[in-house]
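Subject: Structure for you to look at

Hello,

Here is the structure I said I would pass on. Please open it and keep it beside this message while you read.

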Amino acid sequence: MDAPSDRIRLTIGDITGLAVDAIVNAANPSLLGGGGVDGAIHRAAGPELLAECRTLGGCETGQAKITRGYRLPARYVIHTVGPIWQGGHQGEPELLAACYRNSLQLAVAQGVRRIAFPAISCGVYGYPLPEAAHCAVQEIRHFLAGNAQIETVDLVCFNEETRQTYVQALADQ
Ligand code: AR6
């Protein structure tokens, strides 16, 4: 088994095009779609994804639920709900860490080996990118240290600023 850091990759671009076992969606508690990466995933997966999401009964912040990927190259979509940034003292770091941990746990239970995450909460939900990247890298590394099944975790960077921030977070820890 490679060391945790060797299994984390930075990937530039659109998460919907990745042919991994599971991509993670930065959803909202309704799980019924929205803007940002959520909108892109629903558009690319097709209406069957929304139909399955309607059966799930929503999702609490920090939790995760899994569906099929339908027209996506990825077999599964793991929907997680990140915290809305409110200044950092409303449990945001713990909730964001829970998103990564619960998504990885669900992935392992489904036999996933390759998984890709967007920068959860870093768009509409306003989480500062450096703090979110630090939290994501720490939680993923901790998980991988105790798990041999997950082979690769793609941190998907939708733009250059995000990539630079993750490079820094990976170097810092
Ligand atoms: N591939 C990869 N990353 C992307 C893509 C994409 N196609 N599109 C955007 N990003 P956001 P949030 C990046 O706003 O902050 C939705 O309406 C984006 O640049 O999608 O968790 C939901 O329904 C940013 O870095 O998610 C919720 O209501 C990151 O993905 C709410 O937004 C997350 O941005 C969730 O807000």
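To start with, which residue in β5 is the bridge partner of Ala22? The partner is Ile115.

Some housekeeping comes before that. The model is predicted, so local features need pLDDT of at least 70 and side-chain atom pairs count only at pLDDT 80 or more, while totals for chains, interfaces and linings use all residues. Residues are numbered from 1 along each chain as its sequence is written, and side-chain values use heavy atoms, with hydrogens and water left out.

The sheet

Two strands count as paired if DSSP finds at least two bridges between them. As background, strands of a sheet pair through backbone hydrogen bonds, either parallel or antiparallel.

Six strands form an open sheet with mixed pairing, in the order β1-β6-β5-β2-β4-β3. The edges are held by β1 (8-12) and β3 (64-68), which have a single partner strand each, so one side of each is left without a neighbour in the sheet. From one strand to the next, the twist averages 25°. (Angles run from 0 to 180 degrees between N-to-C directions, with axes fitted as lines to C-alpha atoms, for helices over the stretch in contact.)

Strand β2 has pairings with both β5 and β4. With β5 the pairing is parallel, over two bridges. With β4 (residues 76-81), β2 (residues 22-27) pairs in the parallel sense over six bridges, and Ala27 has Val81 as its bridge partner there. How enclosed is β2 by the rest of the structure? Five of its six residues are buried, so β2 is largely enclosed. Buried here means under 20% relative accessible area, exposed means over 50%, and partly exposed is in between (1.4 Å probe, protein chains only).

Helices on the sheet

Contact means heavy atoms within 4.5 Å. Helix α4 (residues 129-145) lies across β1, β5 (114-117) and β6 (152-157), and runs at about 170° to β6. Helix α5 (residues 160-172) also packs on the sheet, where it touches β1 and β6, and its direction makes about 165° with that of β1.

The nonpolar cores

A nonpolar core is a set of buried Ala, Val, Leu, Ile, Met, Phe, Trp, Tyr and Cys residues joined through side-chain atoms within 4.5 Å. In soluble globular proteins, nonpolar side chains tend to be buried together.

The largest core has 34 residues, and Ile115, Phe117, Ile140 and Tyr166 touch the most other members. At least two residues each come from β2, β3, β4, α3 (92-109), β5, α4, β6 and α5. The biggest share is that of α4, with nine residues. Apart from this core lies another, of 18 residues, including Cys59, Ala74, Val81 and Ala116.

Back to Ile115: leaving aside neighbours within four places in sequence, its contacts include Ala22, Ile78, Ala107 and Thr152. Two of these are worth a look.

- Ala107 is in helix α3 and is buried, with a relative accessible area of 0%.
- Thr152 is in strand β6 and counts as buried at 15% relative accessibility. Not counting residues up to four places away in sequence, Thr152 touches Arg7, Arg9, Arg113, Arg114 and Ile115.

The ligand

There are 21 residues around the ligand, and Asn28, Gly35, Val37, Asp38 and Gly123 come nearest. A residue counts as near if one of its heavy atoms lies within 4 Å. A side-chain N or O atom of Asp38 is 2.7 Å from an oxygen atom of the ligand. For Asp14, a side-chain N or O atom is 2.9 Å from a nitrogen atom of the ligand.

Two loop residues

Leu31 lies in the loop between β2 and α1 (36-45). Its phi is near 60°, a positive value in a residue other than glycine, and Leu31 is buried at 2% relative accessibility. Ser121, in the loop between β5 and α4, has a positive phi of about 75° although it is not a glycine. Ser121 is buried, with a relative accessible area of 5%.

Regards

Terms used. Helix = DSSP H or I, 4+ residues; strand = E, 2+ residues; numbered from the N terminus. Polar contact = N/O pair within 3.5 Å; in protein donor to acceptor, adjacent residues only side chain to side chain.
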